[in-house]
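Dear colleague,

My notes on selected parts of it follow directly after.

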Amino acid sequence: MAVKLLLEHAHIEGIRYYDTYRKHGGYRAVEKAFKMTPDEIVEEVKKSGLRGRGGAGFPTGMKWSFLAKPEGVPRHLVCNADESEPGTFKDRYLMEFLPHLFVEGLIVSSFALGSNTTYIYIRGEYAWIVDILEQAIAEAKANGWLGKNILGSGFDCEIYVQRGGGAYICGEETALIESLEGKRGNPRIKPPFPAIQGVWMRPTVVNNVETIAAVVPIINNGGEEYAKIGVGKSTGTKLLSVCGNVKKPGIYEIDMTCSVEEFIYSDEYCGGIPNGKRLKACIPGGSSVPILPANLLLKTAKGETRYMNYESLSDGGFATGTMMGSGGFIVMDEDQCVVRHTMSLARFYNHESCGQCSPCREGTGWMYKILKNIEYGKGKMSDIDLLWDIQRKIEGNTICPLGDAAAWPVAAAIRHFRDEFEWHVLNPEESQTRNYGLAHYADPIHVPVAS
Amino acid sequence: MSIQFSKEKLDKVQEMIARYPEGKQKSALIPLLHMAQDEFGGWLDVPAMDYVAQLLQIQPIEVYEVATFYTMFNLKPVGKYVFEVCRTGPCMLNGSDDIIDYIKEKLNIKEGETTEDGMFTLKPAECLGACGYAPMMQLGKYYKEHLTKEKVDRIIDECRKGVMVTK
């Protein structure tokens, strides 16, 4: 049985409420943290090796240590709860079922960073979760964990929940800051980074919900203990949100030592593919990361077993690997159409582009139009090369990573499933009546040569 | 409908503004737009946006540019019940296209349209973060997950009977 740090108490009835949470050891991390100095907490987080769980995987302790501390200027912790990456719904689970774990993490992190006013920026659609969080915050405050002079430490802290308006781009930290200021979610040009000039031009740290929750076990058990779990630079546990064609979709906590094959097929996790179907492809880290055919997903190009951690998933780079991303694990069985799925994602990125940078604004719409043509039997062979060309011209040429996020799924789909695109073009009528099927994608012998 | 929050809502507005540093009251704009949309018939017309601008002491254009950016704000009238059906990749893998087609056929409307009786609007949405419980839709404040045609029938039925909870 894998180690569970975040979801250990998830199935206890009433854990959503303060009394039950406290009875099961809740808020011990706050008690412990307030006996430490803020710098000591930052050190523990550094030692833990915790990497940002929103998708980028940047070391959290290092991010915290970048926070500027000019005299007399308030600084803020802003929690990114704008979970919008297709395939990702882990933060929702944490907030909905373990709100006190999240609030506890926020209090410890706010203390470490010196944030007297901390904001949770939650995606607007999670409207009912706002009530759950506000209740948890009120309970924490009523029990003396928030407010003025917490535990006699002299430290004051308030946490507020702010709803967004339904824009994927606001998951990008500078767009989130703009939105929190009551503006359109247009990402800012960096530098300056939020750690120097963030919300209202004050030093700001933006962290994902799961990252903040992970601070609780790090403080309880110590950073070194946390770092012992996992492998290499993938320390601790990671939440995976699984969807698509698996028997048991949902949220799983893994310690990053299990293989991808075990994760998909074992009963402890996804339970395999339903209806006796075979695995065709998978996007393991949220819709932006490269899709892999089954053969490359289960084994690397070198033929080694692929594991569920940052390093192993990215083994082979984008040529034959993918990314851990946000942990949104999307599984596709043999009946699914990669062209149609890619078209759906292209529509998503086109819809969500903020419109600031022309490569992304124009490119995402162009890619969607071409993919729609191919999917509906009106594509040309040259369209496939055109798609490749467009995605290359978006990647790296925009202010924020949304451009890359829109380019990568298209690039990976063409890289690994080009014959399926060609089949659509060559068989416009047949492609309207059936899907391409599994073809050779599950065949481990057929590993494409890295290009 | 008169464009004026109740006393209770106005107190809430002041409480929201107090969450931000002095002079940064504009930060309350998105929460206020949500409140206005809920209060004033499910969409934001120009007088409603101007009212929000006045409450926050900002220019109306600052409100318009935000209201037009975020997809949750409806800038034209919608039905009493808005079916926001997710159609992004993971939902699509689980048959969201069939659900959308079924709703279109059942209610005899196209995407983005409202039924003649003003009861239902179909608004296809992009990923709502319920991928493991697909297909799904947002209905007011809540999610309806694991949709099937039968479940859609039940939802429509409950809306017609006026027993559906959306706030």
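Strand E6 of chain A, residues 234-235, includes Ser234(A). The model is a predicted one, and in it Ser234(A) has a relative accessibility of 0%, so it counts as buried, the cut-off being under 20%. Two polar interactions of its side chain deserve mention. The side chain of Ser234(A) lies 3.0 Å from the backbone nitrogen of Tyr310(A), and it also forms a polar contact of 2.7 Å with the side chain of Glu311(A). Leaving aside residues up to four places away in sequence, Ser234(A) touches Arg51(A), Ile229(A), Met256(A), Asn309(A), Tyr310(A) and Glu311(A).

Which residues of H5(A) are buried? They are Lys90(A), Asp91(A), Arg92(A), Tyr93(A), Leu94(A), Met95(A) and Glu96(A).

I turn next to helix packing, beginning with chain A. Helix H17 (residues 381-394) and helix H18 (residues 402-426) of chain A pack at an angle of about 170°, and their axes are 9 Å apart. Because of this angle, H17(A) is roughly antiparallel to H18(A), the criterion being an angle over 145 degrees. On the H17(A) side, the contact is made by Met381(A), Ile384(A), Asp385(A), Leu387(A), Trp388(A), Gln391(A) and Ile394(A). These meet a set of residues in H18(A) that includes Gly403(A), Ala407(A), Ile414(A), Arg418(A), Phe421(A) and Leu426(A). By class, the contact of H17(A) with H18(A) comprises twelve nonpolar, two polar and five charged residues.

Helix H1 (residues 7-17) and helix H2 (residues 29-39) of chain B pack at about 165°, with 11 Å between their axes. H1(B) is therefore roughly antiparallel to H2(B), and the crossing of H1(B) past H2(B) is right-handed. Lys9(B), Lys12(B), Val13(B) and Met16(B) of H1(B) make the contact with Pro31(B), Leu32(B), Met35(B) and Glu39(B) of H2(B). This contact of H1(B) with H2(B) has five nonpolar and three charged residues, and no polar ones.

With kind regards

Notes:
Residues are numbered from 1 along each chain as its sequence is written. Chains are lettered from A and ligands numbered from 1 in the order in which they are written. This is a predicted model: local features need pLDDT of at least 70, side-chain atom pairs count only at pLDDT 80 or more; totals for chains, interfaces and linings use all residues. Side-chain values use heavy atoms; hydrogens and water are left out. Buried means under 20% relative accessible area, exposed over 50%, partly exposed in between (1.4 Å probe, protein chains only). Helices (H or I, at least four residues) and strands (E, at least two) are DSSP runs, numbered from the N terminus. Axes are lines fitted to C-alpha atoms, for helices over the stretch in contact, and angles run from 0 to 180 degrees between N-to-C directions. Angles under 35 degrees count as roughly parallel, over 145 as roughly antiparallel, 65 to 115 as roughly perpendicular and the rest as oblique. A crossing is left-handed if the near helix is turned anticlockwise from the far one by less than a right angle, and right-handed if clockwise. Contact means heavy atoms within 4.5 Å. Ala, Val, Leu, Ile, Met, Phe, Trp, Tyr, Cys and Pro count as nonpolar, Asp, Glu, Lys and Arg as charged, and the others, Gly among them, as polar. A polar contact is a pair of N or O atoms within 3.5 Å; within protein, one must be able to donate a hydrogen and the other to accept it, and residues adjacent in sequence count only if both atoms are side-chain atoms.
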